[in-house]
Amino acid sequence: MNKRVLFLCNTVYQTMVALWLKHRLMPDRAADLIVTDHMNGAAQLRDRIEQLGIYDRVFFAQTLQEARYAVQRSSWQEHRGRLDPMWLVRQYVPLNDRDYDELYIANFDAFSQLLLTGLSHRNPGLTLSVFEDGLSTYCLFEQFYRSFETFYVTPSDPVRKFLHERVYRLRPLYGNLSRLLVFNPDCMQWDPGCPVVEVPKIDTGDQAFRTLVNRAFGYENSRDRYDRKYLFFEESFFADHYEVNDVELVEQLARRVGKENVMVKIHPRNPVNRFAEKGYKTNVDTAIPWEVILLNLEDVSDMVFVTVASSTILNPIMIFGKRIRAYSLYPCLTKIPPVLQGRSWEFLNRLFETYSDMITLCDSMEQIQ
């Protein structure tokens with residue numbers, strides 16, 4: 001029997017990686033895909049991917065509230081869901097006639113846990129693989145993964161442990177990973193307790209894959225042209241209500257290199273285009289992932305990437321194997337958001353230093369060439 005695979009994607013980046021895994025590693029495998037309402041425009045994305053024919057079925061599922069533990073159920077519903085977890089799964093996605101041998105996820109959350117348990121009821125031999133969700137997979141995912149160690153089982157309660165393992169047959173995410181797939185295994189900062197498998201870098205010369213991705217994300221209809229030498233990546237600080245002097249830094253950059261040479265890539269979650277208001281060229285199609293844009297920018301040797309501390313400047317290197325010239329303005333900050341403090345920044349800073357031949361941490365704008 002031909003084995004069937006199911007991918008669960010919560011972000012546009014995850015969706016692109018899932019497309020690459022299917023195209024490059026399992027072109028002949030029967031596979032389905034779920035895209036969720038964690039991302040904007042997911043229903044339209046589903047429609048476009050379905051038309052590609054690379055997956056047998058493509059589902060759109062509104063799982064955000066379930067993933068965030070925000071769904072309230074009666075005790076009867078909870079009990080029935082434990083006995084028949086697919087009853088709960090079917091409330092989000094119609095997998096009635098589907099049995100799967102492999103499940104691929106990129107996040108540890110309540111819906112991925114529900115999906116694993118439900119599908120395992122249908123096929124106890126189901127294997128679970130996790131694929132990369134950006135830099136957080138290498139560093140921060142351990143805490144989310146370990147939070148599921150006692151999700152179903154309370155060690156001090158042998159009765160509940162018996163019910164969960166033998167009666168309800170609940171299968172936790174923790175301890176059940178078959179493998180973790182990432183583009184750069186050497187960057188892993190934690191041990192998932194399973195093989196860490198290297199995913200081949202995305203080949204920018206693979207025209208068939210580029211066509212798939214462009215159609216999936218509507219790139220062919222994009223109005224944007226990335227034709228300025230200096231590209232600044234806005235981050236989500238403004239959307240998250242953190243004070244940061246990023247506009248001030250871009251103004252300094254413009255005085256250094258000329259405003260006519262600067263373009264700002266707007267973060268899709270920021271509600272106000274603060275840079276267009278000041279006369280900067282910015283992108284219009286904020287829903288198209290940066291990785292899709294990169295796939296179509298074959299030659300970036302004449303471009304200079306500038307950011308405060310966005311990991312997006314690492315993507316050309318770590319996902320596509322390109323050489324770049326980039327600058328981080330983190331040392332120039334006068335207001336440092338909490339998300340740029342502690343372990344996250346330490347890990348990102350180490351990566352910037354690893355690629356110091358391509359990425360410079362600037363103490364002043366005078367270092368930007």
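## Overall fold

Take the contacts in the protein chain between residues at least 6 apart in sequence: 75% of them join residues at least 24 apart, where contact means heavy atoms within 4.5 Å. This is a predicted model, in which local features need pLDDT of at least 70, side-chain atom pairs count only at pLDDT 80 or more, and totals for chains, interfaces and linings use all residues. Residues are numbered from 1 along each chain as its sequence is written, and side-chain values use heavy atoms, leaving out hydrogens and water.

There are 14 helices and 13 strands in the protein chain; these are DSSP runs numbered from the N terminus, with helices being H or I of at least four residues and strands being E of at least two. The chain's radius of gyration is 22 Å, close to the 21 Å that the globule rule gives for 369 residues, so the chain is as compact as a globular protein of that length. That radius is taken over C-alpha atoms, and the rule is 2.2 Å times the number of residues to the power 0.38.

## Helix H2

Helix H2 spans residues 42-52, and its buried residues are Ala-42, Leu-45, Arg-46, Ile-49 and Leu-52. They cover an arc of only 110 degrees around the axis, which puts them on the same side of H2; the arc is that of the directions from the helix axis to the C-beta atoms. The background is simple: an α-helix has 3.6 residues a turn, so residues three or four places apart point the same way.

What do the buried residues of H2 pack against? Their partners are helices H1 (12-25) and H10 (207-216), plus strands E2 (30-36) and E3 (57-61).

## Leu-253 in H11

Leu-253 sits in helix H11 (residues 246-257) and is buried, with a relative accessible area of 0%. Leaving aside residues up to four places away in sequence, Leu-253 touches Gly-258, Val-262, Val-306, Met-365 and Ile-368. Met-365 is 112 residues from Leu-253 in sequence, yet their C-alpha atoms are 6.5 Å apart.

## Two positive phi values

Tyr-69 isn't a glycine, but its phi is positive, about 60 degrees. Look for Tyr-69 in the loop between helix H3 (64-67) and helix H4 (75-83).

His-241, also a residue other than glycine, has a positive phi near 65 degrees. His-241 lies in the loop between strand E8 (230-233) and H11, and counts as exposed at 73% relative accessibility.

Conventions:
Buried means under 20% relative accessible area, exposed over 50%, partly exposed in between (1.4 Å probe, protein chains only).
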